[in-house]
Amino acid sequence: MFQIIFLLSLFLSISNASVQDFCVADLKGSDTPSGFPCKSATTVTVEDFAYSGLIEPANVTNIINAAVTPAFVAQFPGLNGLGLSAARLDLGPAGVIPLHSHPGASELLIVTQGHITAGFVSSANTVYIKTLKKGELMVFPQGLLHFQATAGKRNAVAFPVFSSASPGLQILDFALFASNFSTPLIAKTTFLDPVLIKKLKSVLGGSG
C-alpha cells in the first residue's frame, strides 16, 4: 500500500512540474547559437504561432529571375527553439537559385507549382539532379552545395522547409563575385580566366 501511495505521489509531482512548451523569440535580444531569449509568456499571443508572409508571390524581376521569401525566426518568432523554419521560392521563366549552401540546416523542398530542376553535389563530388513537378519533394543534406532552376517556360513555386530556425545561406557566385575577394586569388584558386572574373564582378557588384 505504501509503495502505491509513493508512486502515485511521484507521478503527481512529475505531472505538476513546470514544462516549457515554447520559447517565442524576443527579437530585441541577441541571437545566440541556442537562439533568441524567450519573450515573456504573458505577452505571447496566437499571432506568434501563425505567419502569413509567404502567401503573396515575390518580385522576380532581377538578374536570377527568382526570389526567396524567408520565414525564419527573425520573421516568425514562434519558431525560436523549435528547430525548423520555411521559405517561399518563386522562379520566373529561366529563373535560377545559383549553387548555394545552408551551413546550419538540411532542406526539404516541396514543389507547389510548375516544374523545377533541382540538385546537389555530395562531398564525394557525386551530382544528384531531378526535375520535380507539383506535389513532389526533394531533400538537400546540410551544408552541401545545391541549386534550383525553372524547368520549362512557366513560373514555378516551391516551399523549402529547413531543420533549423536559422539555416544560414551562402551563395557561391556571390561569395566569389559580389565580394572583395581579389581577382588574382580567385583566378589562382578556381582556375578561371581573370577577364571572366572581372566581367562577373562587374555584373554582381564585386570589387578587387
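A polar atom of the Lys 201 side chain lies 2.7 Å from the backbone oxygen of Ser 207. The model is predicted. Lys 201 is buried and has no salt bridge. Elsewhere, the UniProt record (an unreviewed entry) lists His 100, His 102, Glu 107 and His 146 under "binding site". These four span 47 residues in sequence, but no two of their C-alpha atoms are more than 11.8 Å apart, so they gather at one spot. From this set, His 100, His 102 and Glu 107 are part of the lining of the largest pocket.

**Lys 201**
- Helix H4, residues 194-204, contains Lys 201.
- The nearest side chain of opposite charge to Lys 201 is that of Asp 173, 12 Å away.
- Beyond four places in sequence, Lys 201 is in contact with residues including Leu 176, Phe 177, Phe 181, Ile 186 and Ser 207.

**His 100**
- Strand S3, residues 96-101, holds His 100.
- His 100 has 3% relative accessibility and therefore counts as buried, since the cut-off is under 20%.
- The backbone oxygen of Pro 98 is reached by the His 100 side chain at 2.7 Å.
- Setting aside residues up to four places away in sequence, His 100 touches Glu 107 and His 146, among others.

**His 102**
- His 102 sits in the loop between S3 and strand S4 (107-113).
- With 6% relative accessibility, His 102 also counts as buried.
- With residues up to four places away in sequence left out, the contacts of His 102 include Glu 107, His 146, Phe 162 and Pro 167.

Terms used
Residues are numbered from 1 along each chain as its sequence is written. This is a predicted model: local features need pLDDT of at least 70, side-chain atom pairs count only at pLDDT 80 or more; totals for chains, interfaces and linings use all residues. Side-chain values use heavy atoms; hydrogens and water are left out. Helices (H or I, at least four residues) and strands (E, at least two) are DSSP runs, numbered from the N terminus. Buried means under 20% relative accessible area, exposed over 50%, partly exposed in between (1.4 Å probe, protein chains only). Lys and Arg count as positive and Asp and Glu as negative; His and the chain ends are not counted. A salt bridge is a side-chain nitrogen of Lys or Arg within 4 Å of a carboxyl oxygen of Asp or Glu. A polar contact is a pair of N or O atoms within 3.5 Å; within protein, one must be able to donate a hydrogen and the other to accept it, and residues adjacent in sequence count only if both atoms are side-chain atoms. Contact means heavy atoms within 4.5 Å. UniProt positions are given in the numbering used here, feature names are shortened, and annotations may be inferred rather than shown by experiment. On a 1 Å grid over the protein atoms alone, a cavity is a set of points where a 1.4 Å probe fits but cannot get out, and a pocket is an open set with protein on both sides within 12 Å along at least five of seven lines; lining residues have an atom within 4 Å of a point.
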